[in-house]
Amino acid sequence: MKYWNTHFSQFQTFNWLMVWLLLCSSAILVFPAERLGPAAAEWLHACSIYLWLGILVSGSYFLSQLILIAIDLTRAIYQEHQQRDKLQQMIRCLDFSERAVLREFVLQRKSVIKLPVTEPAVKNLLEAGVLTYAYGQPFSEDDIMIKALMIALPARPLITYKVLGLSKGKMSEEQIGQIISARPKFASKGVSR
């Protein structure tokens, strides 16, 4: 619907003109001319080619708009499907450090955490669309490269405890120790479990 919002709103006056052309031409052609009198019927018969031309032009315009909207909608669905496939492939192929970064959201029990965007694992997750900036894309690249990040909405259903290497039930002390020792160096210390 992006096409509808951007293109149709730009040509609002032209669109209304085409609507009126289509409606008026159709109404005049459908209306029985004999009721208006012989002079009006003769005039309508002489101008009928122009009325049909008006219907053809305005109908073609709206048909072309519908085709463009359908193409835009198809492209949006295809891009969404392609992005979902890319996310699924990325999440299936997570390496150890990327899993550790994603595990931080569970360990810290937060939906938004500050991470260094220059770290290779974080950078890969950002580029793949698994992570996203929590408060919108930063406007300037300042010296502080630690930004507030969150798991992107399309990626959330795909990230499960199994993908992260966690169990849903009670974990043993050994498992907790392994997970905490596998935490990235930049992760904050002292997360209670």
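**The paired strands and the helix beside them**

A: Strand S1 (residues 112-116) pairs with S3 in the antiparallel sense over five bridges; helices (H or I, at least four residues) and strands (E, at least two) are DSSP runs numbered from the N terminus, and pairing requires at least two DSSP bridges. The model is predicted, so to speak of local features requires pLDDT of at least 70 and side-chain atom pairs count only at pLDDT 80 or more, whereas totals for chains, interfaces and linings use all residues. Residues are numbered from 1 along each chain as its sequence is written, and side-chain values use heavy atoms, without hydrogens or water.

S3 spans residues 146-151 and is largely enclosed by the rest of the structure, because five of its six residues are buried (under 20% relative accessible area, 1.4 Å probe, protein chains only).

Helix H5 (residues 120-128) packs against helix H3 (residues 38-92) at an angle of about 155 degrees, with the two axes 10 Å apart; axes are fitted to C-alpha atoms over the stretch in contact, and angles run from 0 to 180 degrees between N-to-C directions. H3 is therefore roughly antiparallel to H5 (over 145 degrees). On the H3 side, Lys86, Leu87 and Met90 meet Asn124, Leu125, Glu127 and Ala128 of H5. By class, this contact comprises four nonpolar, one polar and two charged residues.

The buried residues of H5 include Ala121, Val122 and Leu125, together with Leu126 and Ala128. The buried part of H5 packs against H3, H4, S1, S2 and S3. After H5 comes Gly129, whose phi is positive, near 90 degrees.

The largest nonpolar core contains 30 residues, and Leu102, Val130 and Leu131 have the most contacts inside it; such a core joins buried Ala, Val, Leu, Ile, Met, Phe, Trp, Tyr and Cys through side-chain atoms within 4.5 Å. Two or more residues of this core come from each of H3, helix H4 (96-107), S1, H5, S2, S3, helix H6 (161-164) and helix H7 (173-181). H5 provides the largest share, five residues.

Val130 is in contact (heavy atoms within 4.5 Å) with Leu87, Met90, Ile91, Leu102, Leu125, Met150, Ile151, Ala152, Ala155 and Ile159, leaving aside neighbours within four places in sequence.

How values were computed
Buried < 20%, exposed > 50% of the residue type's maximum accessible area, 1.4 Å probe, protein only. Parallel < 35°, antiparallel > 145°, perpendicular 65-115°, else oblique. Nonpolar A, V, L, I, M, F, W, Y, C, P; charged D, E, K, R; others polar.
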